[in-house]
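Please look through the sequence and the model below, and then follow the explanation with both in view.

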Amino acid sequence: MKRKFAAASGLAALVFGLTACASSESPLDVANEWLTAYESGDVSSYQALMDKEATYDCIDCGYTRATTDYFAPGGGAEQDVQDSRLVALGGGTLSPSCTLAEGTVQCVTERVSAFGFFDTDGHPTQVDRSIYEFVFDGDRIVHLTVTRQGGNLFDFNKIQDYRAWVLENHPDDYDELFFLSTILINSDDQFATHQELATQYLTAP
């Protein structure tokens with residue numbers, strides 16, 4: 001294709017160049033960018049790819065509810081903040097495999113993290129294979145459907161072990177990072193502190 005364009009007239013080459021500059025990322029690129037930001041707990045980046053009026057469905061998530069606004073209270077955004085940052089704290093990956101069809105990108109994921117389920121030999125015993133389906137209007141995500149397999153995304157016993165480690169080793173930070181047995185990672189400051197401490201915890205002998 002490049003050779004053909006190089007051989008085209010100067011006007012045609014100029015039109016092509018302007019078109020290339022004006023073009024935006026493909027839906028596949030945006031979906032993969034969304035999931036990469038999700039893996040790293042970069043909430044502001046993946047939320048910036050969503051339309052402000054995007055809607056959300058969660059299938060087999062332990063409850064049944066109607067389609068909601070993604071950014072509404074109790075919508076997908078709130079749960080994604082918690083889940084994405086727990087993936088990041090555990091050095092997790094989703095290993096997405098994405099396909100595009102008629103403006104919709106479907107990504108099959110395999111979620112593994114240090115806060116997941118493993119046997120005594122360190123092999124995963126439970127790998128969540130959620131499906132993320134992104135509907136686009138141009139380069140904006142206007143609807144997200146997440147289909148779960150059911151069960152827990154994380155081994156909460158391991159998160160409780162981390163909580164106990166923070167209480168023992170960093171008691172001055174504890175009240176800002178946990179409420180009773182619940183990990184607090186909604187604010188950027190909480191997440192940044194957890195990233196530092198979780199790295200210490202996971203690399204401790």
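The torsion about the S-S bond of C98 and C107 is about 110 degrees, so the disulfide (a pair of cysteine sulfur atoms within 2.5 Å) is right-handed. This is a predicted model, in which local features need pLDDT of at least 70 and side-chain atom pairs count only at pLDDT 80 or more, while totals for chains, interfaces and linings use all residues. Residues are numbered from 1 along each chain as its sequence is written, and side-chain values use heavy atoms, with hydrogens and water left out.

The structure holds 1 disulfide, and the sulfur atoms of C98 and C107 lie 2.1 Å apart. Both cysteines, C98 and C107, are buried (under 20% relative accessible area, with exposed over 50% and partly exposed in between, for a 1.4 Å probe and protein chains only).

Not counting residues up to four places away in sequence, Y162 touches F115, F178, I183, H194, L197, A198 and Y201, where contact means heavy atoms within 4.5 Å.

H143 has its place in strand 8, residues 140–147 (strands being DSSP runs of E, at least two residues, numbered from the N terminus), and H143 is buried, with a relative accessible area of 13%. Leaving aside neighbours within four places in sequence, H143 is in contact with T55, Y56, D57, T67, E133, F134 and V135.

Technical notes
Helices (H or I, at least four residues) and strands (E, at least two) are DSSP runs, numbered from the N terminus.
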